[in-house]
Amino acid sequence: MSSTAEAHLAAALREARGVVVLTGAGVSAESKIPTFRDAMSGLWKDFDPMKLATPEAFDADPAMVTKWYDWRRLGCLAAEPHPGHLALAALERRITSRGGAFTILTQNVDGLHQRAGVANVIELHGSIMRWRCIATGMECEPEPVAFETFPPRSPFHAGDNSMLRPSVVWFGEMLPERAIEAAADAMETCDLFLSVGTSSVVYPAAGYIDLAMRVGARTAEVNPEATPYSDRVTWSIRGKAGDVLPRVMDLL
Ligand code: OAD
């Protein structure tokens, strides 16, 4: 059953000229990819983030860090986009077919938006499907099977430090320059901003919600839980991405 907020969001989507969607791990939760901070299923419940997702952790134990990321990569490859991902792809087609702009700014590294058919995805935190040589910076997309050795050897460099790391943003690292530029371009024409499945506590990604408000866009949030932005967005919709987004699409 659609809520009033869903009906208002659908009405706003019908007339929006520039739609930007910020997504987080909650968007992939229904594809069975664990989130970071949900107590029950959160990835971190078994691991200490500071021991795995930092350059220092990689320098200290590249084998352990790359093993954990390869385990996550295989989990992402085994996952399938769910109706919420497909609804966002349908929304992009609807908006762009009438000359509007549509951009997904995702914090996720799982590639599920692209596999659902979304064309304009900006990966703010990189991609677990791409790995790069620590000596040359050159990137590759490894075969969809587990690495055999850890840390995996680099195909671009034969020296002692010939190893690959995942092309994801670690704590303390800068976001990819081209992602920041593309996100800034998208926000220039944004008149409707949708935040889906993010706890909105990690910056600079969460800052795009503030920017949307500053540029006068109407804002909506889809999340089963409250976030620090729930009381500030135009429409705060409590619910799962896989339930809410298809319902909103049905109202368009
Ligand atoms: P979190 O795990 O911090 O938050 C997941 C959010 O999704 C929570 O607010 C949940 O309430 C919500 N959620 C859970 N199930 C959902 C569902 N079915 N539908 C919609 N929402 C649901 O994940 P992120 O906000 O993505 O950064 O975390 C942001 C960043 O923190 C990650 O990109 C990662 C981590 O450090 C880096 O790795 C650089």
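## A salt bridge between partly exposed residues

R130 has a relative accessibility of 23% and therefore counts as partly exposed, a class that lies between buried (under 20% relative accessible area) and exposed (over 50%), computed with a 1.4 Å probe and protein chains only. The side chain of R130 meets that of E139 in a salt bridge with an N to O distance of 3.1 Å, where a salt bridge is a side-chain nitrogen of Lys or Arg within 4 Å of a carboxyl oxygen of Asp or Glu. E139, at 35% relative accessibility, is likewise partly exposed.

## Basis of the model

This is a predicted model, in which local features need pLDDT of at least 70 and side-chain atom pairs count only at pLDDT 80 or more, while totals for chains, interfaces and linings use all residues. Residues are numbered from 1 along each chain as its sequence is written, and side-chain values use heavy atoms, with hydrogens and water left out.

## Further salt bridges

The structure holds 9 salt bridges, among them the pair R165 and E173, whose closest N and O atoms are 2.8 Å apart. Within this pair, R165 is buried, with a relative accessible area of 7%, whereas E173 is partly exposed at 24%. Another of the salt bridges joins the side chains of R232 and D210, with 2.9 Å from N to O.

## The ligand and its surroundings

The ligand is surrounded by 22 residues, each with a heavy atom within 4 Å of the molecule, and the closest of them are F36, R37, T198, S199 and N223. Sorted by class, this shell comprises 8 nonpolar, 9 polar and 5 charged residues, with Asp, Glu, Lys and Arg counted as charged and Gly among the polar ones.

Polar contacts, meaning pairs of N or O atoms within 3.5 Å, include one between a polar side-chain atom of E30 and a nitrogen atom of the ligand at 2.8 Å. A side-chain N or O atom of H125 lies 2.8 Å from an oxygen atom of the ligand, and a polar side-chain atom of S199 is 2.6 Å from a ligand oxygen.

Conventions
A polar contact is a pair of N or O atoms within 3.5 Å; within protein, one must be able to donate a hydrogen and the other to accept it, and residues adjacent in sequence count only if both atoms are side-chain atoms.
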